Amino acid sequence: MADKRHIVTLLTDFGTSDYFVSSVKGAIFCVNPNVELIDVTHSIPPQDIFAGAFMLRNAYNVFPRFSIHLAVVDPTVGSARRPIIVMTDNYNFVGPDNGIFSYIYKIEQVNRVVEIKAEHYYRSPLSPTFHARDIFAPVVGWLSKGVDPTKMGDVIEDYVKFNIPEPKEFGPNLIKGHVIHVDHFGNCVTNISENELTYERMDQNKVLVINNHQVRLFCTHYAECPDGEPCALFGSAGLLEISIPKGSAAHTLGANRGTEIAIHFA
Amino acid sequence: MADKRHIVTLLTDFGTSDYFVSSVKGAIFCVNPNVELIDVTHSIPPQDIFAGAFMLRNAYNVFPRFSIHLAVVDPTVGSARRPIIVMTDNYNFVGPDNGIFSYIYKIEQVNRVVEIKAEHYYRSPLSPTFHARDIFAPVVGWLSKGVDPTKMGDVIEDYVKFNIPEPKEFGPNLIKGHVIHVDHFGNCVTNISENELTYERMDQNKVLVINNHQVRLFCTHYAECPDGEPCALFGSAGLLEISIPKGSAAHTLGANRGTEIAIHFA
Amino acid sequence: MADKRHIVTLLTDFGTSDYFVSSVKGAIFCVNPNVELIDVTHSIPPQDIFAGAFMLRNAYNVFPRFSIHLAVVDPTVGSARRPIIVMTDNYNFVGPDNGIFSYIYKIEQVNRVVEIKAEHYYRSPLSPTFHARDIFAPVVGWLSKGVDPTKMGDVIEDYVKFNIPEPKEFGPNLIKGHVIHVDHFGNCVTNISENELTYERMDQNKVLVINNHQVRLFCTHYAECPDGEPCALFGSAGLLEISIPKGSAAHTLGANRGTEIAIHFA
């Protein structure tokens with residue numbers, strides 16, 4: 001069993017210049033030194049729950065079954081907001097009940113959501129400002145050792161989810177959506193999926209408008225598009241993104257999160 | 001014994017855009033591939049020994065007993081400054097003898113400090129500019145394999161420590177301290193601990209003054225304080241910090257490391 | 001065999017604020033959870049193949065034999081550029097055939113270069129924009145499990161390499177080179193090695209000129225040089241670098257990658 005190490009992913013807004021992330025890891029190791037820790041990112045903008053939720057959406061499902069996903073963007077740490085475990089067939093998710101799992105609730109078949117209450121699983125003394133270290137980390141440790149989530153608290157139904165911003169259709173010839181993420185390369189990831197832009201529609205004549213720029217090139221990969229030209233393609237997150245090969249679409253098009261886009265069909 | 005892997009933490013000012021950190025890790029693995037490496041941070045401002053020492057203070061003691069802490073902020077690498085191992089009951093610390101362990105000397109019962117001298121434990125050839133890779137990393141590797149630190153050199157007593165900046169009391173109604181760290185969220189961590197601001201005094205009427213701003217709200221957690229309002233609370237490092245929920249206290253109050261604070265009691 | 005874990009290093013231009021790096025790691029773990037993953041850096045400037053190649057040069061050879069090095073800077077992902085495995089006696093290198101292994105071809109005895117073609121080793125479905133996750137990561141996973149690289153494709157000879165910029169000698173008294181990397185500390189790493197600046201020549205009277213600044217101090221380590229003074233020394237990469245102890249040479253001398261340097265001998 002020695003090589004059967006549980007994988008734990010970590011996604012936070014803690015940054016990497018402080019001791020915060022390492023303390024979470026140390027607290028997990030205190031419970032179970034035999035886990036494999038993988039950072040998703042710690043660069044979620046401070047307290048930006050939506051950005052955390054969207055990043056988790058893109059990150060979680062590449063991991064092997066039974067991985068545990070810890071996601072902490074927690075502006076109201078120490079308040080009445082509840083610590084929870086979200087159970088699906090493949091994964092357990094651990095974090096605050098503030099909407100950070102909204103995409104998971106939408107995409108996955110959720111079996112149970114457990115409000116963590118069993119304080120004997122916590123680190124002691126409990127800091128009121130650092131639940132990631134003192135509650136979430138040890139809970140992750142115990143989960144990785146096989147403790148049943150339902151032993152750690154009560155099943156709840158009224159967990160918090162925010163509305164996921166959906167694109168809108170205006171008749172058969174117009175879809176409006178917006179940029180929900182700008183990635184490291186300046187690609188503008190929109191909320192348009194293949195549900196809206198079906199194979200059929202990909203064949204139609206169409207133009208995407210963003211900040212008064214017209215994008216007419218719809219590609220399947222970056223290399224298909226001339227350097228410096230904006231193009232639209234489905235990226236690895238399964239969403240339409242506007243990209244400029246060897247450039248930054250966000251910079252060139254003046255776009256950022258929230259920027260509206262429209263697709264007009266001929 | 002397969003799951004009995006030694007934990008090694010790494011704290012440096014090397015940044016993460018170069019090969020430096022990975023070379024340290026590779027050099028440790030060359031001696032002992034069976035260690036678990038955890039980054040504390042590599043974003044200590046270049047050559048800022050104090051910042052490194054303070055970060056180590058906050059990071060080390062969450063880790064399981066027998067973890068090894070490597071801390072390298074080393075502006076005079078290659079000079080006469082000594083490589084050392086600091087031994088406490090729970091941990092071994094490895095790094096340069098330049099004051100980076102000053103907080104450890106103050107907080108922990110130090111059993112021995114060993115000047116590393118046994119060159120057969122070094123990586124060869126020894127680079128004069130990269131002792132982290134060529135001295136500290138292999139020494140960490142050997143320690144993690146159970147080599148006794150005292151076999152690696154001589155016990156010394158004259159190890160370097162700097163004066164830790166302490167708050168001062170001016171009569172019964174005034175404490176002066178200063179900001180010693182601004183964290184990722186803009187929280188201003190001061191050098192005021194519960195030694196100065198006792199439970200008793202927390203109950204007294206008082207005002208904290210920082211850069212002509214008055215902070216009257218003393219809380220126990222962030223969520224207690226209205227958004228956008230500065231408050232003071234004891235953070236996870238056990239020190240009083242000035243925080244603005246959903247904002248940056250450092251930015252709003254114009255504070256940074258070194259900024260004076262005063263607490264006046266009524 | 002439980003502690004015989006393959007080391008895999010990762011070097012990309014993916015940044016650390018997205019899910020990209022974690023997806024590569026997750027995809028490796030899906031094939032072989034029993035690997036040890038080490039980040040070299042993910043901060044290569046986007047699509048800067050040269051910078052990636054140079055960083056790999058400096059990073060790879062500290063690692064134990066049989067480590068696998070994954071290097072992905074891949075501006076033309078999804079195009080006709082080939083995925084390859086570069087085999088040397090000590091390591092396997094995995095990445096795109098776009099020149100990123102140019103330094104390896106120059107320094108190492110390359111046994112074989114294999115174009116990866118065996119799609120049953122890929123992750124499925126294959127994304128056209130994320131070969132690091134869908135091709136390179138599983139290939140690394142299978143290599144770490146002992147699959148022979150030559151089972152994954154065909155040996156090729158016409159792999160891509162760029163010309164490595166070499167210093168030039170103008171008679172016996174002048175060498176010209178340039179800065180090829182500025183590191184985290186502001187040190188300006190040049191392409192001058194001990195091949196050009198031999199022991200003999202290090203003893204000669206000489207001056208290094210960079211952006212009209214004259215550097216006369218040639219040292220062996222940083223601490224030899226007065227604070228704030230520019231000096232030249234051979235750094236841990238085996239290349240001459242211009243450094244300012246407790247300062248940034250790049251900033252003070254206005255230098256960056258590409259800046260010319262000249263060494264005049266008396």
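Analyst: The area buried between chain A and chain B is about 2,600 Å², and carbon and sulfur atoms give 61% of that area. Buried area here is the accessible area (1.4 Å probe) that two parts lose on being put together, summed over both. This is a predicted model, in which local features need pLDDT of at least 70 and side-chain atom pairs count only at pLDDT 80 or more, while totals for chains, interfaces and linings use all residues. Residues are numbered from 1 along each chain as its sequence is written, chains are lettered from A and ligands numbered from 1 in the order in which they are written, and side-chain values use heavy atoms, with hydrogens and water left out.

In terms of contact (heavy atoms within 4.5 Å), 33 residues of chain A meet 32 residues of chain B. One salt bridge is counted between the chains, a salt bridge being a side-chain nitrogen of Lys or Arg within 4 Å of a carboxyl oxygen of Asp or Glu. Arg5(A) and Glu36(B) form a salt bridge, with 2.9 Å between the closest N and O atoms. Eight residue pairs, both at pLDDT 80 or more, are in polar contact across chain A and chain B. A polar contact is a pair of N or O atoms within 3.5 Å; within protein, one must be able to donate a hydrogen and the other to accept it, and residues adjacent in sequence count only if both atoms are side-chain atoms.

On the side of chain A that touches chain B, the elements giving two or more residues are helix H1 (20-31) and strand S2 (35-41) of chain A. Helices (H or I, at least four residues) and strands (E, at least two) are DSSP runs, numbered from the N terminus. H1(A) gives the largest share, eight residues. This side of chain A divides into 14 nonpolar, 13 polar and six charged residues.

Within chain A, the domain assignment gives domain 1 (7-155) and domain 2 (168-265). Their centres, taken over C-alpha atoms, are 32 Å apart. Eight residues of domain 1 are in contact with six of domain 2, and the two domains of chain A bury about 530 Å² between them, 63% of it on carbon and sulfur atoms. Phe50(A), Phe54(A) and Arg57(A) supply 67% of the area that domain 1 buries against domain 2, more than any other three residues. One salt bridge is counted between these domains. Asp48(A) and Arg257(A) meet through their side chains in a salt bridge at 2.8 Å, N to O.

Note on methods. Ala, Val, Leu, Ile, Met, Phe, Trp, Tyr, Cys and Pro count as nonpolar, Asp, Glu, Lys and Arg as charged, and the others, Gly among them, as polar. Domain bounds come from an automatic or database domain assignment.
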